[in-house]
Amino acid sequence: MTQNRFDGSIPTQISRLTNLRYLDMSFNSLGGKLGPELGSLRNLNSLELKRNNFHGPIPPQLFKLKSLRSLDLSDNQLEGGLSPEVGKLGNLEKLFLKANFLSRKIPEEIGNLTNLREFSLQNNKFLGGIPSSIVNLKKLEELDLSENSFSMQIPTFIGTLPNITALDLSDNTFTGPIPSSIQNMSKLEVLRLHNNMLDGEIPTWLFKITTLEQLFIGGKGNGLIWNNDAKIVPDCSLAC
């Protein structure tokens, strides 16, 4: 049903489709609150509701869909926090919640999603630090926490995620230095740390990450400085 002109709310009768595996209603003009009827779709593998006008909280019944592998609620007007119940979606591989009004902290239970490969909270109102349980997400390839209100230092354990290809922490209020553990990310292609409140010297090891193609570390707020005496022979392949 994607890319049409459907409006109104999702009909409650959809709860009868208990064998449904894939539901895509994205890019429409649907609105209202997401109701509990979605929790009846127990066999659902993929739920795509992005680019609509849904508002209110994420219904707790969604976290009972244990077969879900992909959940995309991006570009709506959802609000409230991300429930610790999200940790029950153990088969989830993709979680996209960007461009909503979601707030509060990321729950520690996010670390239960050990099959997660793509995770985006971009452009919300999340705050606090990055939870330590994120170290359990060893399959994670893309992590986007940009355009929120995250603070504190970027934790050193971020470098223990071995499969990360894209890390975007830009447009927050992270403080302190760029953690040296990032150089342990052997598959890192994109690193975005701009528009934070980072300080300290720009490390030369950044340019020794051979897989790195995009690097953004400046912008407003950042107080990073460059050592003019540093001599480097870049091993990365940065694109203009």
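**Exercise 1. The whole chain**

How much accessible surface does the protein chain have, and what share of it belongs to carbon and sulfur atoms? Then describe the chain's make-up and dimensions.

*Solution.* Keep in mind that you are looking at a predicted model.

- Step 1: The accessible surface comes to about 11,500 Å², and carbon and sulfur atoms hold 47% of that.
- Step 2: Turn to secondary structure. The chain has 19 strands and zero helices.
- Step 3: Find the box around the C-alpha atoms. Along the principal axes, they fill roughly 70 × 30 × 30 Å.
- Step 4: Check the radius of gyration. A compact globule of 240 residues would have a value near 18 Å, and the protein chain has 20 Å, so the two agree.
- Step 5: Of the 240 residues, 47% are buried. Among contacts with a separation of 6 or more, 51% join residues 24 or more positions apart.

**Exercise 2. Leu 41, buried or exposed?**

Decide whether Leu 41 is buried or exposed, and list the residues that it touches.

*Solution.* Begin with the location, then move to the surroundings.

- Step 1: Leu 41 sits in the loop that links strand E3 (29-33) with strand E4 (46-48).
- Step 2: Its relative accessible area is 0%. Buried means under 20%, so Leu 41 is buried.
- Step 3: Leaving out residues up to four places away in sequence, Leu 41 touches Ile 14, Ser 15, Leu 17, Leu 20, Leu 23 and Leu 65.
- Step 4: Now compare sequence with space. Gly 56 is 15 residues from Leu 41 in sequence, and their C-alpha atoms are 20 Å apart.

**Exercise 3. Ser 151 and its surroundings**

Which residues does Ser 151 touch, not counting residues up to four places away in sequence?

- Step 1: Ser 151 lies in the loop between strand E13 (149-150) and strand E14 (166-168).
- Step 2: With a relative accessible area of 24%, Ser 151 is partly exposed.
- Step 3: Its contacts are Gly 128, Gly 129, Thr 173 and Phe 174, again without residues up to four places away in sequence.
- Step 4: Ile 130 is 21 residues from Ser 151 in sequence, with 8.5 Å between their C-alpha atoms.

**Exercise 4. Strand partners of E7**

In which sense do E5 and E7 pair, and how many bridges join E7 to E9?

*Solution.* Take one partner at a time.

- Step 1: E5 (residues 53-56) pairs with E7 (residues 77-81) in the parallel sense, over two bridges. Here Gly 56 has Leu 78 of E7 as its bridge partner.
- Step 2: E7 and E9 (residues 101-104) also run parallel, joined by three bridges. Opposite Glu 79 stands Phe 101 in E9.

Methods: Residues are numbered from 1 along each chain as its sequence is written. This is a predicted model: local features need pLDDT of at least 70, side-chain atom pairs count only at pLDDT 80 or more; totals for chains, interfaces and linings use all residues. Side-chain values use heavy atoms; hydrogens and water are left out. Helices (H or I, at least four residues) and strands (E, at least two) are DSSP runs, numbered from the N terminus. Buried means under 20% relative accessible area, exposed over 50%, partly exposed in between (1.4 Å probe, protein chains only). Contact means heavy atoms within 4.5 Å. Two strands pair if DSSP finds at least two bridges between them. The radius of gyration is taken over C-alpha atoms; the globule rule is 2.2 Å times the number of residues to the power 0.38. Accessible areas come from the Shrake-Rupley method with a 1.4 Å probe; for residues, only the protein chains shown count as cover.
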